[in-house]
Structure formats: C-alpha cells, structure tokens
Amino acid sequence: MKTTKRWILPLLAISLSALLLAAPARAIVTTGTPTALHNDTDGDAEADRQAVSREIERFRSSSISISQAMAIAEARHAGATTADVSFDGGSGVPVYRVKTLHNDRIWRHTINAATGELVGGEAALPLAELDHDDRSNLAALGSIRHRLADAVRVAERAASGKAISGGLVRERGRLNFAIVVISGDDLKEVILQPPGARAK
C-alpha cells in the first residue's frame with residue numbers, strides 16, 4: 001500500500017481541537033507550495049510547478065469529488081472502507097485511485113473523475129501479501145470508529161478547500177489520517193489524529 005507522501009515545506013501549523021463532535025480529535029494543518037509535491041532531485045523546479053498547476057486545474061474541472069469517488073468505490077462491496085485515495089490527472093482521462101478494505105483484501109478501483117464510472121476492472125490483494133506495517137495500519141483502521149470520509153470532511157473544513165488525496169500514515173507509533181487539500185493556490189496537508197487509534 002502506498003504511504004501518503006509528506007510535504008517538506010511547512011509554513012504554518014495550526015492545532016484545531018474538536019472541530020466536530022464526531023470528528024477526529026485533532027487536526028494539524030501544514031501549508032506548502034505546489035512544488036512540494038515533487039522532490040527537487042530532477043533539478044527542474046519550473047517544470048515541476050507547471051506539472052502541479054496542470055494537475056490542480058484538471059482536479060478543479062472534475063465533476064466528481066473525492067468523497068463521491070470514495071462512496072462509489074465503497075459501494076462495490078457492502079461494508080468496505082476506504083484506506084487510500086488520490087487524484088491522478090497526469091495522463092488521459094483524470095481519475096481517482098481508490099483502495100478499499102473489505103473481507104481481508106485491499107480492493108483497487110479507478111474512478112473516472114468526470115463521470116464517476118469504474119474504469120477497467122477492480123483488483124484485489126489479500127492482506128496476507130502486504131508487509132507487516134501495512135497490515136498493522138489496516139488492522140488499526142478497522143478498530144477505530146472514524147473513516148477516511150470523516151477525515152476528508154474535517155480536513156476540507158479546517159483548510160478551507162477541497163481534498164485531492166488522503167490516506168493512512170503512522171507517526172510516532174500512532175495511526176493518523178493525512179489529507180492533502182487544495183486551498184486557493186496552496187496545497188495544505190492536514191493530519192488528523194483519530195481517537196481510539198492505538199500506538200503500536
């Protein structure tokens with residue numbers, strides 16, 4: 001399972017407590033510039049900025065929201081929960097890549113960002129084939145009452161924007177939701193610490 005990327009250019013960190021009663025307990029919002037999506041190993045920062053700008057424009061012109069894409073993927077299997085979601089506008093038709101957890105399997109779905117239709121088939125990977133850390137994260141996801149969809153709603157509100165990706169990260173032994181939100185021309189990463197996620 002892909003771990004959500006961490007952005008390096010923290011400009012602002014705000015602690016928000018109890019945004020909603022049913023929401024994860026703490027949100028930390030970190031603002032960075034769009035170039036923070038890419039590392040600088042290729043040496044072409046201007047090309048990176050342009051690529052990120054194109055990705056953001058394709059995202060903004062999409063009819064389907066990240067929340068809708070998650071709901072579409074989860075509806076494929078009753079009781080499924082989203083573990084990871086990201087927008088991909090890099091080639092061809094813009095899509096959401098959604099990974100859901102259901103019956104000890106990770107299901108991979110590609111959702112058309114314009115129509116909401118499933119693109120291609122769906123693929124399943126047994127949890128037993130994942131590494132220990134990923135299995136541990138997914139087991140913790142099943143033990144907390146909050147879902148990634150809840151975290152997306154809170155993150156969009158906290159960062160005043162629209163989520164473009166989200167998933168699970170483990171920091172200092174605690175499972176968190178990491179949501180990337182487009183707010184104006186900025187990308188903001190929101191880290192949500194759901195109550196009940198035990199340290200391992």
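This note goes through some aromatic rings, a nonpolar core and one loop in a predicted model.

1. Aromatic pairs. The count of aromatic pairs in the model comes to two. One of them joins Phe59 and Phe87, whose ring centres are 5.2 Å apart with 80° between the planes. This arrangement is edge-to-face, because planes over 60 degrees apart are placed in that class.

2. What the Phe59 and Phe87 pair connects. Phe59 belongs to helix H1 (residues 45-60), while Phe87 belongs to strand S3 (residues 81-88). The pair therefore ties together parts that are 28 residues apart in sequence.

3. The pair of Phe87 and Tyr96. Here the ring centres lie 5.5 Å apart and the planes meet at 70°, so this pair is edge-to-face. Phe87 takes part in the pair with Phe59 and in the pair with Tyr96. Through these ring pairs, Phe59, Phe87 and Tyr96 are linked into a cluster.

4. Phe87 is buried at 7%, and Tyr96 is buried at 0%. These residues count as buried because the cut-off is under 20% relative accessible area.

5. The nonpolar core. The largest nonpolar core contains 42 residues. Which residues have the most contacts inside this core? They are Tyr96, Leu138, Leu141, Phe177, Ile179 and Leu192. As background, nonpolar side chains tend to be buried together in soluble globular proteins.

6. The surroundings of Phe177. Leaving aside residues up to four places away in sequence, Phe177 touches a set of residues that includes Leu141, Ile144, Leu148 and Ala151. Also among its contacts are Leu168, Val190, Ile191, Leu192 and Pro194. His146 and Arg147 are touched by Phe177 too, as is Gly167.

7. The loop between S4 and S5. Asn103 sits in the loop between strand S4 (95-102) and strand S5 (105-112), and Asp104 is found in that loop as well. Asn103 has a positive phi, near 50°, although the residue is not glycine. Asp104, also not a glycine, has a positive phi of about 60°.

8. Asn103 is exposed, with a relative accessible area of 60%. Asp104 is exposed at 57% relative accessibility. They count as exposed because their values are over 50%.

Methods:
Residues numbered from 1 in each chain as written. Heavy atoms only, no water. Phe/Tyr/Trp six-rings, centres within 6.5 Å; stacked < 30°, edge-to-face > 60°. Helix = DSSP H or I, 4+ residues; strand = E, 2+ residues; numbered from the N terminus. Buried < 20%, exposed > 50% of the residue type's maximum accessible area, 1.4 Å probe, protein only. Core = buried A, V, L, I, M, F, W, Y, C linked by side-chain atoms within 4.5 Å. Contact = heavy atoms within 4.5 Å.
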